[in-house]
Amino acid sequence: MGTSIKRTLVLRFPGWSTAAAATARGIAQEVPLALLVTGAVSACNAAASAWGVAQGQRMREAQAACPQLDVHPYDRDADYRAFEGIFQVIEEHAPGGQILQPGLCALRLRGPSRYYGGERAAAEMLMSAVRASGFADVRAGIADGIFPAELAARRARAGEIVAISPADTARFVAAVPIDELPAEALAENGPLLHRLGVHFLGDYARLHVDQVRDRFGPDAVRVHRLANGDDPRTVVPTDTSLEHSVHREFDEALDRVDQIAFSLRADIDDLTERVAESKKVATSIRIELRDDRGGLKERTWLHPRFFRASDIVDRVRWQVQGTHAGAAALDAPISAVLITVAAIDDASHYEAGLWGDSTDQRVHNSITRVQSMIGHTGVCTLQPGEGRLMRERQLLVPWGEKRASADRSSEPWPGSQTGLAPSLVFENPVEVAVLDTAGDIATLTERGTLRAPLMALSLEGSIRMLRGWAGPWSLDVRWWDARRHQRVHRFQAVDDRGDAWMLTMQNDRWSVEARYD
């Protein structure tokens, strides 16, 4: 194994956010816990997962699956502060690492591997140090570059180290299924890529970048670049970026976080403007805090895309606060701050497209204003749903949100309607009466067959004679779940006015599920 400067170690802490939140709130590990962002589950612990709670579910859906679920809003600042403590443990043994996000950090491996006698030895030592600090489940990935190492860490099991040699890194990345990436990394285009025959990162990397940008948007371009080995992030700061920095010495040392952040805001705005004027964006920054006792706290931060001024202010605030909130958390008043852009990238890689996104942005702003007037769920987008009933096959998602669960609409759903779809599916089934040739409400035998042929449909007070009908097709939905079990009998019928209907009978009650025009 070589000691290239590209060799990177990524440590991953699965379930970090929920574990940190549980510790902060004194919640026992076995209590089902979910963290919410805009009403949807952002993260949940193993106890909640065992009840069927999953990332992306709406709060009510999660609580329906697990009535005793303990839900709390996700506090991003607190999450970063909590991870700061565990990261300090890592830096005591291998300085120079970077936090990618709470629960995920990267380190340059060349120095630690020489010091501890090898890459695996260094990784095992750091994992042991983390376990000794109280967090048991830590996983490691080693590869050439942050992105391959992160993929390796995501593949590792509890306590395992997945090391990819330099010669195998490209093949490893190419063979990674796109489903192993977080759903947001491909802008929720994973199911579409599967339908296009793109199942692995290698297939995705072979697409032309223009096709990716036009079809999937700028977020998907970033993953395309990473899949091609073009990762602008690096654990080692580059000299070309050192010209972009902010150095501020305070006349009187400040001991409040908000004072420090406010006093730096104008300088940070100027910094981001200077970076933008050079047609670049900052993908990594380094912050050094010096207190009036001579102490120095330094940290390098990465961003999933690029830093805006508000992002830098947040990092300053998080680093000043450390693991605690408030001015009391400061060991000593801060006398000087140095912010340096550690890595930059070409701004063109983050452009929305030839015509920019101004039109889309105006549309988004307009719809958002409408949504604020009529309610959050008043403006929705229609997305394919999963299930066997027609009303389950359509899903309304509030504007600006992602669907609550993974898209499984393309999976086989035995018993679902195939062929020509109805033009109108009622959001709520319309109750009707269906008469048989005996003049009675049509019913089924215990074997699921009609007692008499269908004759007429009574809908909204009018009688429509049926010219033809077919069925029943019986569905036994969720037969294993007594609470959600449904036994539905489906019919198709054409009335004397030429209208075609999708009829269902459930618990001896008839309803119209959909209409063909």
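**View 1. Ring pairs join Phe13, Trp16, Phe83, Phe87 and Phe135 into a cluster.** The model is predicted: local features need pLDDT of at least 70, side-chain atom pairs count only at pLDDT 80 or more, and totals for chains, interfaces and linings use all residues. Residues are numbered from 1 along each chain as its sequence is written, and side-chain values use heavy atoms, without hydrogens and water. Rings of Phe, Tyr and Trp (its six-membered ring) pair if their centres lie within 6.5 Å; planes under 30 degrees apart are stacked, over 60 edge-to-face, and the rest tilted. This rule gives eight aromatic pairs.

View 2. Phe13 sits in the loop between β1 (7–12) and α1 (16–25). Phe135 sits in the loop between α6 (119–132) and β7 (139–144), 122 residues apart from Phe13. Helices (H or I, at least four residues) and strands (E, at least two) are DSSP runs, numbered from the N terminus.

**View 3. Trp16 and Phe135 form a tilted pair.** Their planes stand at 45°, and the ring centres are 5.3 Å apart. Trp16 belongs to helix α1 and Phe135 to the loop between α6 and β7, so the pair ties together parts 119 residues apart in sequence. Trp16 is buried at 9% relative accessible area, and Phe135 is buried at 13%. Buried means under 20% relative accessible area, exposed over 50%, partly exposed in between (1.4 Å probe, protein chains only).

**View 4. Helix α6 has buried residues, among them Glu119, Leu126 and Met127.** Gly134 follows α6, with a positive phi near 115°.
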